[in-house]
Amino acid sequence: MKVIAAYLLAMLGGNTNPCADELKHILGSVGVEADDAKIELLLSQVNGKDLAELIAAGRQKLAAMPCAGEAAAAAAVGGHAAASAASPSAAAAEDKEQKIEEESDEDMCFSLFD
């Protein structure tokens with residue numbers, strides 16, 4: 001990701017065809033050690049391609065990927081419902097534990113509006 005960010009920074013700076021030395025210079029300016037193999041791999045993959053087309057292709061690939069947040073939310077809802085149905089005392093204990101955590105936040109002596 002660091003090499004990609006350096007490449008994009010070079011492109012934003014007006015360099016339409018950055019070389020490895022320029023990417024190393026950008027990475028070095030922020031204290032990152034450049035990996036020659038990764039730089040060469042990136043440059044070989046983007047050589048002669050339009051940046052806008054590469055970004056559009058990447059968006060399509062990301063859109064096709066499943067989102068872990070949806071599965072985790074469904075599991076949390078399903079798991080909580082199953083726990084509540086199985087034992088009401090377990091749900092009460094969980095609610096009490098959550099209440100204690102909320103109260104402990106108030107004891108930290110700071111507020112957003114102080």
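The model is a predicted one. Its chain has 6 helices and 0 strands, so the pattern read along the sequence is α-α-α-α-α-α, with helices defined as DSSP runs. Of the 114 residues, 11% count as buried. Among contacts between residues at least 6 apart in sequence, 38% join residues at least 24 apart.

Begin with helix α1, which covers residues 2–12, and helix α3, which covers residues 36–46. The two pack at an angle of about 55°, and their axes are 10 Å apart. On the α1 side, the contact is made by Val 3, Ile 4 and Tyr 7. On the α3 side, Lys 38, Ile 39, Leu 42, Leu 43 and Val 46 take part. By class, the residues of this contact divide into 7 nonpolar, no polar and 1 charged.

Next comes helix α2, residues 20–29. The axes of α2 and α3 come within 10 Å and cross at roughly 125°. That angle makes α2 oblique to α3. Here too the crossing is described as right-handed. Helix α2 contributes Ala 20, Leu 23, Lys 24 and Leu 27 to the contact, while α3 contributes Asp 36, Ile 39, Glu 40 and Leu 43. This contact of α2 with α3 has 5 nonpolar, no polar and 3 charged residues.

The nonpolar residues lead on to the core. In soluble globular proteins, nonpolar side chains tend to be buried together. In this model, the largest nonpolar core has 11 residues. Its members are Val 3, Ala 6, Tyr 7, Ala 10, Ala 20, Leu 23, Leu 27, Ile 39, Leu 42, Leu 43 and Val 46. Helices α1, α2 and α3 each supply at least two residues of this core.

Is Leu 41 buried, partly exposed or exposed? Leu 41 lies in helix α3. Its relative accessible area is 48%, so Leu 41 is partly exposed; the buried class would require a value under 20%. The C-alpha atoms of Leu 41 and Val 3 are separated by 9.9 Å, although the two residues are 38 residues apart along the chain.

Notes. Residues numbered from 1 in each chain as written. Predicted model: local features only at pLDDT ≥ 70, side-chain atom pairs only at ≥ 80, totals over all residues. Heavy atoms only, no water. Axes fitted to C-alpha atoms, helices over the stretch in contact; angles between N-to-C directions. Helix = DSSP H or I, 4+ residues; strand = E, 2+ residues; numbered from the N terminus. Parallel < 35°, antiparallel > 145°, perpendicular 65-115°, else oblique. Left-handed = near helix turned anticlockwise from the far one by under 90°. Contact = heavy atoms within 4.5 Å. Nonpolar A, V, L, I, M, F, W, Y, C, P; charged D, E, K, R; others polar. Core = buried A, V, L, I, M, F, W, Y, C linked by side-chain atoms within 4.5 Å. Buried < 20%, exposed > 50% of the residue type's maximum accessible area, 1.4 Å probe, protein only.
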